[in-house]
Amino acid sequence: MSEQNDDVTAGLGAEGSPTTPVAPPSAPDLRESTAAWPAPAPSTPGGRAPIRWGGVVWGLLLTLFSGATLYVLASAERAADVALWLRSLTPGSAWALAAAALGLIIVVSALLGGIRASQRRRVRPHV
């Protein structure tokens, strides 16, 4: 018990205050590790940042989808018509509709990937 007491009070003076100043722990240098942050977008030769077409296109598609959803839900008649149409789908037509939606997502992703690759080649022609 006295050993533990000695360890606790070893650096304390007569009144229980530290005899030597204790330095606060040093903060880590945040400039060394940038793994959590994405690399900045390369700028074009004119100094402007390239347009992120992926964000533009997906934003437009999301806007169109949300606009169509709001249009359908704004009227009880339109919502009932869509519900009737969904109930009338056969399993085959539902699968075909899902495959068409998935195909649209794949085509848009491929087009945007091609646009991004061409932007990278234009910014860094030596790569």
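A residue is termed buried when its relative accessible area is under 20%, exposed when over 50%, and partly exposed in between (1.4 Å probe, protein chains only). By this criterion, buried residues account for 5% of the 127 residues in the chain. The model is predicted: local features need pLDDT of at least 70, side-chain atom pairs count only at pLDDT 80 or more, and totals for chains, interfaces and linings use all residues. Residues are numbered from 1 along each chain as its sequence is written, and side-chain values use heavy atoms, with hydrogens and water left out.

The chain contains 4 helices and 0 strands, in the order α-α-α-α from the N terminus; helices (H or I, at least four residues) and strands (E, at least two) are DSSP runs, numbered from the N terminus.

Helix H2 spans residues 53-73 and supplies 3 residues, the largest share, to a nonpolar surface patch. This patch, of about 420 Å², is formed by Ile51, Trp53, Val56, Leu60 and Ile115. Patch residues have over 30% relative accessible area and no salt bridge, with nonpolar side chains (Val, Leu, Ile, Met, Phe, Trp, Tyr) joined within 5 Å and like charges within 9 Å. A salt bridge is a side-chain nitrogen of Lys or Arg within 4 Å of a carboxyl oxygen of Asp or Glu. Leu60 is located in helix H2 and counts as exposed because its relative accessibility is 52%. Gly55, also in helix H2, is exposed, with a relative accessible area of 52%. The C-alpha atoms of Gly55 and Leu112 are 9.5 Å apart, although 57 residues separate the two in sequence.

The largest pocket holds about 190 Å³ of space and is lined by Phe65, Ala68, Thr69, Val72, Leu73 and Val82. A pocket is an open set of points on a 1 Å grid where a 1.4 Å probe fits, with protein on both sides within 12 Å along at least five of seven lines; lining residues have an atom within 4 Å of a point. H2 contributes 5 residues, the largest share of this lining.

Terms used:
Areas by Shrake-Rupley, 256 points an atom, 1.4 Å probe, with all protein chains shown as cover. Points joined across faces, edges and corners; volume = space filled by probe spheres on them.
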